[in-house]
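Open the model in your viewer and keep the selection tool ready. We will go stop by stop.

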Amino acid sequence: MLPIRAFFLLALSVCLAAAATAEAKLTRIEITQREVVAEGMPFGDAGAYEKLSGRAYFEADPLLERNAVVFDIDRAPLNARKAVEFSADMVILKPVDMQKSSGTLLFDVNNRGRKVLFGRFQDTASDVSMNNPITARDFGNGFLLKRGHVIAWVGWGADIAPGDHRLTVDFPIAQDQGKPVSERILTEFSDRNFNGGTPFSLPLSGGPAFKSYPAVSTDKKQAQAELYVLPSDSPRPGGPEIPRGEAVPDEDWAFADCPEGWPGRPSVAHICLKKGFVNANNYHLLYRATGSPVMGLGYLTTRDFVSFLKYEDKDAAGNPNPVRGINTALCLGISSSGMYLRDFLYQGFNVDEKERQVCQGMHIHVAGVQKLFLNYRFAQPNAFTQQHRERFVPDTNFPRQYSVRINPFNRVPDGILKRPSTDPKILHTDTSNEYWQFRASLTGASEGGKMDFNESHRVRRYLLSSLQHGGFKGDPPNRGIANRQCEQWTNTTHPGPILRALIVALEQWVKTNTTPPDTQVPKIAEQTLVEPSQLKLPKIPGLTYEGLFNGSGDRDYGPRVKMNAGVIDMLIPQPHSSHKILVPQVDSLGNDIAGIRHPFVEVPVATLLGWNTRSKEFGGPDLCDLLGSSIPLARTQAQADAAGDPRPALETLYGTHENYVRKVVEAAKNLEARRMMLPEDVEMVIREAEASSVLR
């Protein structure tokens with residue numbers, strides 16, 4: 001028998017070992033570079049800021065319930081503590097003097113390894129280095145820094161290739177009896193990958209910024225490989241089905257790298273097309289892949305990184321928390337990163353292993369109704385569905401709303417927010433584009449398009465009327481890829497003034513329980529949310545409108561997919577229901593009636609649409625990606641009449657430049673009174689109107 005002392009020491013060591021694996025945690029934060037930004041320029045009362053760059057190291061016990069939600073975590077190699085190890089790049093922007101911090105952490109979910117919030121919230125120009133912000137110009141107007149916020153990012157996407165300061169991760173590869181798992185998968189190539197050219201060869205990921213899932217062999221039979229070509233992923237009329245394309249003969253393509261043309265060099269990570277890719281077509285490649293990282297760990301990096309910054313004094317290795325004193329954590333997700341947050345919530349990652357809430361508030365921007373293709377074997381979070389392409393992505397299966405409701409198929413209640421003790425307060429903003437492309441109507445309306453749902457008291461939703469998905473302030477209008485993808489010039493109305501007011505409202509809601517502005521979205525009951533065929537769009541010369549939209553439905557991805565996680569066996573998913581997609585109704589100029597109308601939408605000089613139409617070369621008349629349209633009004637009524645334009649001219653609407661400015665002032669002041677624009681942005685918008693050439 002062991003001596004009593006030895007027995008207790010052994011028991012204590014067993015307990016400590018159990019405790020070490022009893023919770024997922026950030027084990028070490030490694031800061032490799034510390035830089036004062038903007039040459040030490042002060043950002044308001046917060047003073048100078050510094051940027052900390054480095055790596056965060058994690059481990060997780062795969063047997064714990066909260067971690068077991070990560071698909072394939074049980075197939076990851078274990079360390080000596082029976083835990084899964086992984087790591088991610090991290091960046092923190094903080095006041096040099098943390099005593100001047102607001103105490104608020106704004107955690108920005110990176111988008112494909114990139115930092116995107118400055119372009120939306122700080123009006124940063126498109127020609128600066130937002131991935132490596134250092135100079136004063138990189139921070140735009142400095143709005144968030146002037147408020148004293150700590151801003152942080154951590155990597156989460158195992159498909160992100162190193163380069164251009166993208167945030168990368170090191171995740172384990174899922175194993176099957178000591179070998180990497182293998183599955184047959186689908187990947188798609190489209191004009192999104194061609195940059196306006198006609199390439200012969202592409203990485204299987206579609207581009208060099210993303211890692212490819214290699215084929216098991218360059219031999220097509222061994223790789224069970226098939227290639228199909230089709231003009232569009234959407235049926236006519238719109239629905240959840242995906243049309244089957246024409247098979248490309250085996251002799252016309254190969255697993256090979258051939259940038260200069262056929263036949264190239266055999267490669268399990270590239271595709272070569274003998275005649276080159278064509279902008280008007282989409283290409284579906286089905287093949288057996290190998291080397292799937294445990295992608296769902298990308299939810300744990302956010303969970304445990306934010307939790308550490310918010311709650312801990314030091315990491316497990318004794319390194320101090322560099323931003324101690326945080327009392328509020330707001331999490332921001334834009335576009336695919338917003339889809340990430342919707343799924344992050346749904347799958348239960350907003351509570352850490354100590355039962356502590358992670359994000360107290362969330363701003364989910366331009367995600368529509370969709371969730372992310374992440375917690376899967378051979379996940380493809382870079383893909384995002386649109387009317388024209390990549391519609392194989394699992395994104396709109398039940399639940400779609402934040403509130404819990406009965407699933408009509410299995411009669412089981414479900415919703416994105418179903419954990420009242422840890423669910424955050426949410427502002428969800430969409431532009432007009434998300435109603436056409438990301439099925440945003442389904443966030444608040446029934447699948448049959450007959451009724452509006454009541455919203456959770458934790459959620460406010462807003463339409464940013466008549467705006468497109470994204471863009472940078474100051475960029476001139478363009479026509480999409482290679483400046484020839486779209487029929488119309490893009491919509492450059494920037495959402496910054498509205499987004500800044502709303503992020504302030506979210507912070508006040510979380511910190512002081514000050515109720516934010518009421519939900520402002522189009523509704524069926526108010527006849528401002530309608531079927532595309534009911535759109536009262538003026539017949540503008542040169543505008544092609546065929547009522548196309550990204551169809552939706554509940555779809556079957558195979559028996560191994562449950563709760564937006566698993567293994568996809570049905571690569572072309574089969575629909576078992578169809579959703580009715582609704583879009584915002586428009587006024588006599590074509591601008592959205594409902595929602596928050598930017599002063600330049602309320603007092604327009606153009607018809608501003610959230611959608612655009614593709615040119616014939618790029619597969620028209622399908623919708624043109626996430627881009628909107630801007631179609632100027634004629635100056636005089638005579639010019640409008642001569643062009644056959646039914647819209648009123650600028651002189652008819654405003655008479656003079658001074659009257660135009662007066663109406664912009666009224667619109668901006670109205671938004672300020674409703675807490676949807678800050679005083680400094682009211683002044684900025686008025687200055688822009690005064691400086692404009694409208695009716696000069």
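Is Asp304 buried or exposed? Select Asp304 and see. Its relative accessibility is 4%, so Asp304 counts as buried, because the cut-off for buried is under 20%. Keep in mind that this is a predicted model.

**Stop 1: a pair of neighbours**

**Stop 2**

The salt bridge count comes to 48. Select Arg377 and Glu183 next. Their closest N and O atoms are 2.7 Å apart, in a salt bridge. This pair links distant parts of the chain, 194 residues apart. Arg377 sits in the loop between β19 (361-365) and β20 (405-406). Glu183 belongs to strand β9 (residues 182-189). Both Arg377 and Glu183 are buried.

Now go to Arg389 and Asp625. They also form a salt bridge, with closest N and O atoms 4.0 Å apart. Here the partners are 236 residues apart. Arg389 is in the loop between β19 and β20, and Asp625 is in the loop between β28 and β29. Both are buried. Then select Asp72, Arg75, Asp176, Glu183, Arg377, Arg560 and Asp569: salt bridges that share partners join them into one network.

**Stop 3: Gln585**

Select Gln585, in the loop between β27 (583-584) and α10 (599-602). Its relative accessible area is 5%, so Gln585 is buried. Show what surrounds it. Gln585 touches several residues, including Gln527, Val530, Leu535 and Asn591. Lys536 is another contact. The backbone nitrogen of Lys536 is 2.9 Å from a polar atom of the Gln585 side chain.

**Stop 4: the pockets**

How many residues line the largest pocket? There are 49, and Asn111, Arg112, Arg114, Phe384 and Phe472 lie nearest its centre. Select those five. The volume of this pocket is about 1700 Å³. Its lining has 14 nonpolar, 25 polar and 10 charged residues. α3 (117-121) and α5 (191-194) each supply at least two of the lining residues.

Move on to the second largest pocket, with a volume of about 610 Å³. Select Thr492, Thr493, Phe600, Val605 and Ser630, the closest to its centre among 28 lining residues. By class, this lining has 15 nonpolar, 10 polar and three charged residues. Finish on α14, which gives the largest share of the lining, three residues.

How values were computed: Residues numbered from 1 in each chain as written. Predicted model: local features only at pLDDT ≥ 70, side-chain atom pairs only at ≥ 80, totals over all residues. Heavy atoms only, no water. Helix = DSSP H or I, 4+ residues; strand = E, 2+ residues; numbered from the N terminus. Buried < 20%, exposed > 50% of the residue type's maximum accessible area, 1.4 Å probe, protein only. Contact = heavy atoms within 4.5 Å. Polar contact = N/O pair within 3.5 Å; in protein donor to acceptor, adjacent residues only side chain to side chain. 1 Å grid on protein atoms, 1.4 Å probe; cavity = no way out; pocket = protein on both sides within 12 Å on 5 of 7 lines; lining within 4 Å. Points joined across faces, edges and corners; volume = space filled by probe spheres on them. Nonpolar A, V, L, I, M, F, W, Y, C, P; charged D, E, K, R; others polar. Salt bridge = Lys/Arg side-chain N within 4 Å of Asp/Glu carboxyl O. Lists of a residue's contacts leave out its neighbours within four places in sequence.
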